[in-house]
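The sequence and structure are shown first.

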Amino acid sequence: MGILEREIIHALVPHLADEEPAIRRSAAEALERVSALEAVAGLVAIVEQAVDREAQLRAIYALGRLETAEALAGLARAVKSPHEGTRAAVVRALSGSSHPQATDILLSALEDQSPDIKILA
């Protein structure tokens, strides 16, 4: 990753916690495209706070592509969310992954209370 990309990431990460939902969504979308390893903590925070649904979904998909231990740990917590839509997004985000931790998360989703989540997993 070059210096310019790193500067862009550092400029975007603080906007993940902005008061304005549109700004949070835009920052999450931009980071999703970059798939920035430096942004993992901010993306996990968006998923766990669940304040802005669209930003949360973008963060889930970005974390699914990153496949770092920290990203997958955040998704492992998110797959236990009380919100079925969040759990479904995690399953979709990890469906193409061959990472062993992603496989474990998908296997845990087979135990979900929702038949729809079980089918997705």
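A residue counts as buried when its relative accessible area is under 20%, and as exposed when that area is over 50%. Threonine 86 has a relative accessibility of 3% and therefore counts as buried in this predicted model. Threonine 86 belongs to helix α6, which spans residues 84–94. Apart from neighbours within four places in sequence, the residues in contact with threonine 86 are Arg53, Gln56, Ile60, Ala78 and Ser81.

Helix α3, residues 40–49, also has buried positions: Val40, Gly42, Leu43, Val44, Ile46 and Val47. Among the elements that cover these buried residues are α2 (21–34), α4 (53–66) and α5 (69–78). After α3 comes alanine 50, which has a positive phi, near 50°.

| Helix | Residues in the α3–α5 contact |
|---|---|
| α3 | Val40, Ala41, Val44, Val47 and Glu48 |
| α5 | Glu70, Ala71, Gly74, Arg77 and Ala78 |

By class, the residues of the contact of α3 with α5 comprise six nonpolar, one polar and three charged. Val40, Val44 and Val47 of α3 take part in this contact and are also among the buried residues of α3. On the α5 side, Ala78 is one of the contributors, and Ala78 is also in contact with threonine 86.

Key
Residues are numbered from 1 along each chain as its sequence is written. This is a predicted model: local features need pLDDT of at least 70, side-chain atom pairs count only at pLDDT 80 or more; totals for chains, interfaces and linings use all residues. Side-chain values use heavy atoms; hydrogens and water are left out. Buried means under 20% relative accessible area, exposed over 50%, partly exposed in between (1.4 Å probe, protein chains only). Helices (H or I, at least four residues) and strands (E, at least two) are DSSP runs, numbered from the N terminus. Contact means heavy atoms within 4.5 Å. Ala, Val, Leu, Ile, Met, Phe, Trp, Tyr, Cys and Pro count as nonpolar, Asp, Glu, Lys and Arg as charged, and the others, Gly among them, as polar.
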